[in-house]
Amino acid sequence: GFKMGIVGLPNVGKSTLFNALTKTAAAQAANFPFCTIEPNVGEVAVPDARLEALAAIAGSKEIIPTRMTFVDIAGLVKGASKGEGLGNQFLANIRETDAIAHVLRCFEDDDVTHVEGRVEPVADAETIETELMIADLESLEKRIANLARKIKSGDKEAKDAVRLLEQAKEALEAGRPARTIEVAEEDRKAWAMLQLLTAKPVLYVCNVEEANAAKGNSKSDAVAKMAAAQGAGTVVISAKIEEEISQLDADEAEMFLDEMGLEEAGLDRLIRAGYELLGLQTYFTVGPKEARAWTIRHGTLAPAAAGVIHGDFERGFIRAETIAYDDYIAGKGETGAKEAGKFRVEGKTYEVKDGDVLHFLFNS
Ligand code: GDP
């Protein structure tokens, strides 16, 4: 599955958000820096109204959403890259994620201590980015030195790795994160293997006051501007509101959102934004037993998409019976879609589209 790491300075609302996301009390929110010292991992259902619509038509007994993993990575402070306090373990935890949700404090509250004594989200973002860049520089200098020996013995992979590492080094030394580097198609794999912290896609999560949850405030506006300049994403959220919503049942939550003038829960937007950031999409399998959503990257071909369900589906792949989501709904199911000529048989080179309803045929 895909994993997002939640990072940010202490006391910006990470644990509050993580708790709301996972509805557990595991990561305890407290007005005290360093309150969460273990990385907390939570699996979250990806909300998708299409799944319910499909299940209703097919009369599916069970609805199984696709899931995303969130990791609450606390303890990143100024000096983390120097191993001060909780540093290095946290950097290792970030390394294992696919993307970073960077929570920034955009709310004023004199009762909640700010580690730097002021609420400046853009400066906070730079503080953390700097730590990550220093950590990247240190790790790549070590790696370049280690690879030098291999290059002498003519290792082609080592040579490619060093070329990419040198490129990253140049950017980092100029104060630019590794994600600003344009990587050639043929280098993508080697680049990903380097696992640089600042190469990961970033989503800035602006934690604003309850009253500004719908529109954000001047601080979140400043973050959005910074994010746009970096090609990063932004989501405005009120962790406090999300915390309250997470304790309500579905109907109550709907009413609460209405009263706050919000169309949907911020967490839903957060998960979707994470999905977009990672270039992910969903396909469905639908039957009387279950309606289920599956996550793949954009551009995934049918056999690899089948492989998400089971390795045998990919190895023995024959074809994929395919109905686009809209056609399935318009036809009120498979029979209607077939009658409308919207039922397709796709082969090994078919690029699965978001919302496809698929049925795989395979040799076992
Ligand atoms: P973390 O250290 O980043 O994990 O921060 P926490 O989630 O533990 O939050 C730190 C403190 O800030 C707690 O007392 C929270 O209740 C409070 N807090 C979190 N989000 C908000 C918010 O949106 N508004 C206000 N006023 N307080 C918040």
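The predictor's confidence in each residue is expressed as pLDDT, on a scale from 0 to 100. The structure described here is a predicted model, in which local features need pLDDT of at least 70 and side-chain atom pairs count only at pLDDT 80 or more, while totals for chains, interfaces and linings use all residues. Residues are numbered from 1 along each chain as its sequence is written.

The average pLDDT of the chain is 87, and 91% of the residues score at least 70. For the complex, the predictor gives an ipTM of 0.95 and a pTM of 0.85. Over residues 24-37, however, pLDDT stays under 50. The model has 30 contacts beyond four places in sequence for this stretch, a contact being a pair of residues whose C-beta atoms, placed from the backbone, lie within 7 Å. Where pLDDT is low, the predicted coordinates should not be read in detail.

Turning to the overall fold, the chain contains 14 helices and 12 strands; these are DSSP runs numbered from the N terminus, with helices (H or I) of at least four residues and strands (E) of at least two. The radius of gyration of the chain is 23 Å, close to the 21 Å from the globule rule for 364 residues, so the chain is as compact as a globular protein of that length. Here the radius is taken over C-alpha atoms, and the rule is 2.2 Å times the number of residues to the power 0.38. Of contacts between residues at least 6 apart in sequence, 69% join residues at least 24 apart.

An automatic or database assignment divides the chain into domain 1 (3-277) and domain 2 (299-362). Their C-alpha centres lie 33 Å apart. Where the two meet, five residues of domain 1 are in contact with seven residues of domain 2.

A closer look can be taken at one annotated site. In an unreviewed UniProt entry, the annotation "binding site" covers Asn11, Val12, Gly13, Lys14, Ser15 and Thr16; positions follow the numbering used here, feature names are shortened, and annotations may be inferred rather than shown by experiment. Gly13 sits in the loop between strand 1 (3-7) and helix 1 (14-22), whereas Ser15 belongs to helix 1. Gly13 counts as buried, with 26 C-beta neighbours inside 10 Å, and Ser15 counts as buried with 24. The term buried applies at 20 or more other C-beta atoms within 10 Å, exposed at 12 or fewer, and partly exposed in between, with C-beta atoms placed from the backbone. Beyond its neighbours within four places in sequence, Gly13 is in contact with Val103, Arg105, Asn207 and Ala239.
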